[in-house]
Amino acid sequence: MSPGSSSRVLTCGTGAGERWSAAASLGTTLTLSARPTRGEVDPVLDAIGDGGRLVVAGDDAAIAAVLARLLRRERLDVEVALLPDPDSAAAAVWGLPTDPGAAVDLARDGSARPTPLVRDDHGGLVAGRHTTGPVHGEIYCGEHRVLRGDAAQVAVTPDPAGGVRVTVTGPRRLGGLRAGRVTEHAGRAVQLGCRPPVTVVRDGVPGDRPVPRRSWYRHTEDWRLVRP
């Protein structure tokens, strides 16, 4: 964050406001809904000039909602610091602290770096992790076939090396006594096709209906995340 610039702190939901009360020291603080809307986020983006920083306190779904507005408004140049939940998949992917003191220190003093932005073909973004339950079908990561048949779970996350990572957990073995085999691949895109359709849980929020296919891919432009 450049000298003389300021942060806007978005606390998303009542729980975030209580957990991150110390974030008030970072700059102007606004309380938004747990799933921030366009009407809540866009005026904040309008007020952020060059060198400003947006601090987002909330769960991964709240982070994804804010990132979606940055993408739609073509403001991926804005620096973003995260104050994540203790069980945040986004924090795990990017090595972010979830301890309140350490997270606030990073948000204030850390540097923003270009970070891969992962989208899906239903207008969503992956802040931390998208998952499915049991699935029967095929999964490709680039030209690599990762699955043909059954899986107990599929998880898609951003890949810090640049791109998308898919983790496929196979069915339990030996009559359920042994965990399923885990397979991971990373690339620029992941495609899932299945029958019957499956519900995709996007950053903790189940989709409104099962889908027979879904694709995830790295966006052409990175976002700027404050990270170690």
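**Briefing: fold, cores and the histidine 130 site**

Of the contacts in the protein with a separation of 6 or more, 65% join residues 24 or more positions apart; contact means heavy atoms within 4.5 Å. This is a predicted model: local features need pLDDT of at least 70, side-chain atom pairs count only at pLDDT 80 or more, and totals for chains, interfaces and linings use all residues. Residues are numbered from 1 along each chain as its sequence is written, and side-chain values use heavy atoms, with hydrogens and water left out.

**Overall build**

- The protein has 5 helices and 17 strands. These are DSSP runs numbered from the N terminus: helices are H or I with at least four residues, strands are E with at least two.
- The radius of gyration is 18 Å, close to the 17 Å of the globule rule for 228 residues, so the protein is as compact as a globular protein of that length. The radius is taken over C-alpha atoms, and the rule is 2.2 Å times the number of residues to the power 0.38.
- Along the principal axes, the C-alpha atoms fill a box of roughly 60 × 35 × 30 Å.
- Buried residues make up 47% of the 228 residues. Buried means under 20% relative accessible area, exposed over 50%, and partly exposed in between (1.4 Å probe, protein chains only).
- The protein exposes about 10,600 Å², and carbon and sulfur atoms supply 49% of it. Areas come from the Shrake-Rupley method with a 1.4 Å probe; for residues, only the protein chains shown count as cover.

**Nonpolar cores**

- The largest nonpolar core has 45 residues. Such a core is a set of buried Ala, Val, Leu, Ile, Met, Phe, Trp, Tyr and Cys residues joined through side-chain atoms within 4.5 Å.
- The residues with the most contacts inside this core are Trp20, Leu54, Val56, Leu82, Leu83 and Trp223.
- Elements that each supply at least two residues of the core include strand S1 (7–12), helix H2 (38–47), strand S3 (53–58) and strand S17 (223–226). H3 gives the most, with 8 residues.
- A second, separate core of 20 residues includes Cys141, Leu147, Cys194 and Val200.
- Beyond four places in sequence, tryptophan 20 touches residues including Ala57, Leu83, Pro84, Ala103 and Val104.

**Helix H5**

- Ala103, Val104, Leu106 and Ala107 are buried in H5.
- Seen down the helix axis, the buried residues of H5 fall within an arc of 160°, so they line one face. The arc is that of the directions from the helix axis to the C-beta atoms.
- Cover for these buried residues includes S3, S4 and S17.
- At the start of H5, a side-chain oxygen of aspartate 99 comes within 3.2 Å of the backbone nitrogen of glycine 101.

**Histidine 130 and strand S7**

- Histidine 130 lies in strand S7 (residues 130–132). Its relative accessibility is 1%, so histidine 130 counts as buried.
- The side chain of histidine 130 makes a polar contact (3.0 Å) with the side chain of tryptophan 216. A polar contact is a pair of N or O atoms within 3.5 Å; within protein, one must be able to donate a hydrogen and the other to accept it, and residues adjacent in sequence count only if both atoms are side-chain atoms.
- Histidine 130 and tryptophan 216 are 86 residues apart along the chain, with their C-alpha atoms separated by 9.6 Å.
- A polar side-chain atom of histidine 130 lies 3.1 Å from the backbone oxygen of leucine 125.
- Threonine 131 is also found in S7. At 15% relative accessibility, threonine 131 counts as buried.
- Outside four places in sequence, threonine 131 is in contact with Gln153, Val154, Ala155, Thr199, Val200 and Val201.
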